[in-house]
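Subject: Structure for you to look at

Hello,

Here is the structure I said I would pass on.

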Amino acid sequence: MRYLVLSDIHANMEALETVLEVAGDLAYDRLLVLGDLVGYGADPNAVVERVRALAPSALIRGNHDKVGAGVESAEGFNAVARNAIRWTYDALTTENRTWLAALPAGPFVVDELLEICHGTPFDEDAYVFDDLDALRALNAMQRPVCLFGHTHVQVGYALTGDQFTLTTLDEARPLVLPLADGARHLLNPGSVGQPRDGDPRAGFAIADTKRREVTMYRAEYPVQKAQARILAEGLPDVLAQRLARGR
Ligand code: ZN
């Protein structure tokens, strides 16, 4: 089985369309979505409707989906994120808001090899920023491979017995990560719609369970169009600017 893995699309329709086009040539069977379909970007309805139409085989909510749908308050959000999520709540149609509100929380077990979560397997809203966070997540996994999002950073960690490794991803893409037998892997495909690892290209991954490998990809998309949409909707300028920097 080949899974296309998308996370943190964040209402960026330009990035989503580009990724789907590139991924279409990579012959995947099923789609996994790790949450944060909306928030920050200018096209929450278009993104929700596009993802719905793709009928993902697994789809979990992110923190922005919860707040954007009115399931949770924006209390923990910074001023810019709060501004954007209030705009998102108002912009969403009732139907799309209801659909987002009903998304399940992670973690979600996909098959014998894979599980998905938004933040971590022990807390959907927690971030994996450092080795300690990663170790805690690796020890909470129910499957050998956990695909996660939330940080918007394409990254990989592995645990083989007691040996912990951080997979540095500073090489060219696509980058194939073999899934070693007997190891646990914690992998972030990066963010489709708002990368924060210094590379403005949209991040995504393909998980191939038969070949036992996950391949990390980046796709160049029309950033300026996404920026223009953000400015046209009156969302904070900084949300447009950061797309060009990938921060
Ligand atoms: Zn996010």
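This is a predicted model: local features need pLDDT of at least 70, side-chain atom pairs count only at pLDDT 80 or more; totals for chains, interfaces and linings use all residues.

Zinc site

Start with the metal. The zinc ion is held by Asp8 (OD), His10 (NE2), Asp36 (OD) and His152 (NE2), at 2.1 to 2.3 Å. Along the sequence, these donor residues follow the spacing D-x1-H-x25-D-x115-H. The angles between the 4 donor atoms run from 85 to 178 degrees, so the arrangement counts as irregular. A tetrahedral site would need all angles between 85 and 135 degrees.

Asp8 has a relative accessibility of 0%, so it counts as buried. His10, at 1%, counts as buried too. Asp8 is placed in the loop between strand S1 (2-6) and H1. Its phi is near 50 degrees, which is a positive value in a residue other than glycine.

Salt bridges

Side chains of opposite charge can pair when their charged atoms come close. A search of the whole structure gives 14 salt bridges.

In the pair Glu17 and Arg50, the closest N and O atoms are 2.9 Å apart. Glu17 is partly exposed, at 31% relative accessibility. Arg50 is also partly exposed, at 28%.

Arg61 and Glu124 form a salt bridge with an N to O distance of 2.8 Å. Arg61 is in the loop between strand S3 (58-59) and helix H3 (63-68), and Glu124 is in the loop between strand S5 (114-116) and helix H6 (131-140), so the pair ties together parts that are 63 residues apart in sequence. Are these two residues buried or exposed? Arg61 has a relative accessibility of 18%, so it counts as buried. Glu124 is buried as well, with 13%. The cut-off for buried is under 20%. Both residues also belong to a network of salt bridges that links Arg61, Lys66, Glu72, Glu124 and Asp125.

The side chains of Asp199 and Arg218 form a salt bridge at 3.8 Å, N to O. Asp199 sits in the loop between strand S10 (183-188) and strand S11 (202-208), while Arg218 is in strand S12 (residues 213-219), so this pair connects parts that are 19 residues apart in sequence. Asp199 and Arg218 are both buried.

Asp199 also has a neighbour in another element. Arg245, in helix H8 (residues 237-245), touches Gly198, Asp199 and Pro200, leaving aside residues up to four places away in sequence. The C-alpha atoms of Arg245 and Gly198 are 6.2 Å apart, although the two residues are separated by 47 residues along the chain. Arg245 is partly exposed, with a relative accessible area of 45%.

Helix H6

Which residues of H6 are buried? Ala134, Ala137 and Leu138 are. Looking down the axis of H6, the buried residues fall within an arc of 100 degrees, so they line one face of the helix. They pack against strand S7 (155-160), strand S8 (163-167) and S10. On the face turned away from the buried side, H6 carries the exposed residues Leu132, Arg136 and Asn139. At the start of H6, a side-chain oxygen of Asp130 comes to within 3.2 Å of the backbone nitrogen of Leu132.

Backbone details

There are two cis peptide bonds to look at. One joins Gly106 and Pro107, with omega at about 0 degrees. Pro107 is in the loop between helix H5 (94-101) and strand S4 (108-109). Another joins Arg173 and Pro174, with omega at about -5 degrees. Pro174 is in the loop between S8 and strand S9 (175-178).

Ala27 is not a glycine, but has a positive phi of about 50 degrees. Ala27 lies in the loop between H1 and strand S2 (30-33). At 53% relative accessibility, Ala27 counts as exposed.

Regards

Methods:
Residues are numbered from 1 along each chain as its sequence is written. Side-chain values use heavy atoms; hydrogens and water are left out. A salt bridge is a side-chain nitrogen of Lys or Arg within 4 Å of a carboxyl oxygen of Asp or Glu. Buried means under 20% relative accessible area, exposed over 50%, partly exposed in between (1.4 Å probe, protein chains only). Helices (H or I, at least four residues) and strands (E, at least two) are DSSP runs, numbered from the N terminus. Donors are N, O and S atoms within 2.8 Å of the metal (3.2 Å for Na, K and Ca); water is not among the atoms, so sites may look incomplete. Four donors count as tetrahedral if all angles lie between 85 and 135 degrees; four count as square planar and six as octahedral if opposite donors are over 155 degrees apart and all others between 65 and 115; anything else is irregular. The arc is that of the directions from the helix axis to the C-beta atoms. Contact means heavy atoms within 4.5 Å. A polar contact is a pair of N or O atoms within 3.5 Å; within protein, one must be able to donate a hydrogen and the other to accept it, and residues adjacent in sequence count only if both atoms are side-chain atoms.
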